[in-house]
Amino acid sequence: MFEISPTEWTAILLSLRVAVIATLVATPFGIALAWLLARRDFWGKSLLDAAVHLPLVLPPVVTGYLLLLTFGKRGLVGGWLADHLGIVFAFRWTGAALACGVMSFPLLVRPIRLSIEAVDRRLEQAAETLGAAPWRVFATVTLPLALPGVLAGMVLGFAKAIGEFGATITFVSNIPGETQTISSAIYSLIQTPDGDTAAARLVVISVVLAVGALVAAEVFARRATARLHGH
Amino acid sequence: MLRVDITKQLGEFSLAASFTSEGRVTGLFGASGSGKTSLINTIAGLLRPDRGTIVIDGETVDDTAAGIHVPTWRRRIGYVFQDARLFPHLDIRQNLDYGRRMNGLTEDPAQHKRVVDLLDIGALLDRRPGKLSGGERQRVALGRALLSKPRLLLLDEPLGALDESRKLEILPYLVRLRDEAGVPMVYVSHDAAELRQLATQIVMLRRGQVTAFGGVKVLTAGV
């Protein structure tokens, strides 16, 4: 039962690559957005907040279709990127990473925002009186103190990205070796006769990866919290 | 030298203060709710006056008519809060070094040693703020502010959160600071005895207005 075939390996490695890239690229944006939502008041803030949460409530197939319209070869953004920068998302693993990044974004942002909101503003004030410019207050006080939330957000986002299915398959289809992640491989396998055993193997691997991510998140959060409480 | 002439409306409360102090330690004295903290926060740049000017050491840091408001981080002040506000993710050495790093000052081991000796915090350097007593924390906060080489040191009831015996533990350090550090201070307190020991000039505040200004003897006259 536990001999993983080359096709399955390909899907597993692709899933890992897609989720890692999606998380790493999304994190800086997530931190910037979380900071804006936590610390600034501006016109359209609730609109932006709603937009960030959209992928969580929209049917994934809708998000995938919107991505296809925007980032597809004839899409507004996709066409420009392909012509000017040579970056193509449609039916490529990069497109899968984009879809996973977008779908996991709300889960990434939320813990970061909460942990930035929990940072004592009096400490930021103290940093300012010691000569720290606003961006350095952020880099030396706010961000280090919000680190447990950043790590939690990254792990949660990663776990979501590695399991994403609907938006990915809509946007970049299900091409073995290019866009076939664990989820789409499972989907294909349960539709083929005799695919059950292989599907079961991938299901077990999904569960292991998800549980591993949650355990990692817990360990990170505990360590970081202990560090931050000055012990 | 410190020159303050400002008004500030904070909800129902209006603050109007005007004084010029040449003293080494300017005591801001008043009951709670008299506007002491709002005044010192305005001097720090944490609050922006509605009208008026603030001049620290010859530099105009606030002038509403000219549209000048120098942000806190460029005022080169030190601020010791009632709650020490040490950075919990940094050890004591890093806390002490923070202001120097942020101001881009070169390392000054002699000054560092002087401040550490003055405040008797040499044994704490490798510890974390969470492991310190209230009095120790406040001494580190004093050192941290001093080591950023401020032109003016602001202290907002630095002994306020400590019990009587801890206060007596810190007070001698503050006297030494006044006599040896050579940095002018603004010292906020509601405790006349404390100010009699420390201050060289007194600004007395009541309901947001300056009611008396002069040497420490105004404390006796006012109370």
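Modeller: Start with helix H1 of chain B, residues 36-44: seven of its nine residues are buried, so H1(B) is largely enclosed by the rest of the structure. Buried means that 20 or more other C-beta atoms lie within 10 Å of a residue's own; exposed means 12 or fewer, and partly exposed lies in between, with C-beta atoms placed from the backbone. The buried residues are Lys36(B), Leu39(B), Ile40(B), Asn41(B), Thr42(B), Ile43(B) and Ala44(B). Gly45(B) follows H1(B), and its phi is positive, near 90°.

The model is predicted: local features need pLDDT of at least 70, and side-chain atom pairs count only at pLDDT 80 or more, while totals for chains, interfaces and linings use all residues. Residues are numbered from 1 along each chain as its sequence is written, and chains are lettered from A and ligands numbered from 1 in the order in which they are written.

Now the chain around the helix. Chain B has seven helices and 11 strands; these are DSSP runs, helices being H or I of at least four residues and strands E of at least two, numbered from the N terminus. Its radius of gyration is 17 Å, close to the 17 Å that the globule rule gives for 223 residues, so chain B is as compact as a globular protein of that length. That radius is taken over C-alpha atoms, and the rule is 2.2 Å times the number of residues to the power 0.38. The C-alpha trace of chain B spans about 45 × 40 × 30 Å along its principal axes. Of the 223 residues, 43% count as buried.

Next, the core. The largest nonpolar core has 116 residues, and Ala99(A), Leu154(B), Val186(B) and Tyr187(B) have the most contacts inside it. Such a core is a set of buried Ala, Val, Leu, Ile, Met, Phe, Trp, Tyr and Cys residues joined through C-beta atoms within 7 Å. Helix H5 of chain A, residues 93-117, gives the most to this core, with 14 residues. Contact means C-beta atoms, placed from the backbone, within 7 Å.

Last, a contrast to H1(B). Gln197(B) sits in helix H6 of chain B, residues 192-198. With 15 C-beta neighbours inside 10 Å, Gln197(B) counts as partly exposed. Beyond four places in sequence, Gln197(B) touches Leu171(B) and Val175(B).

Methods: Two residues are in contact if their C-beta atoms, placed from the backbone, lie within 7 Å.
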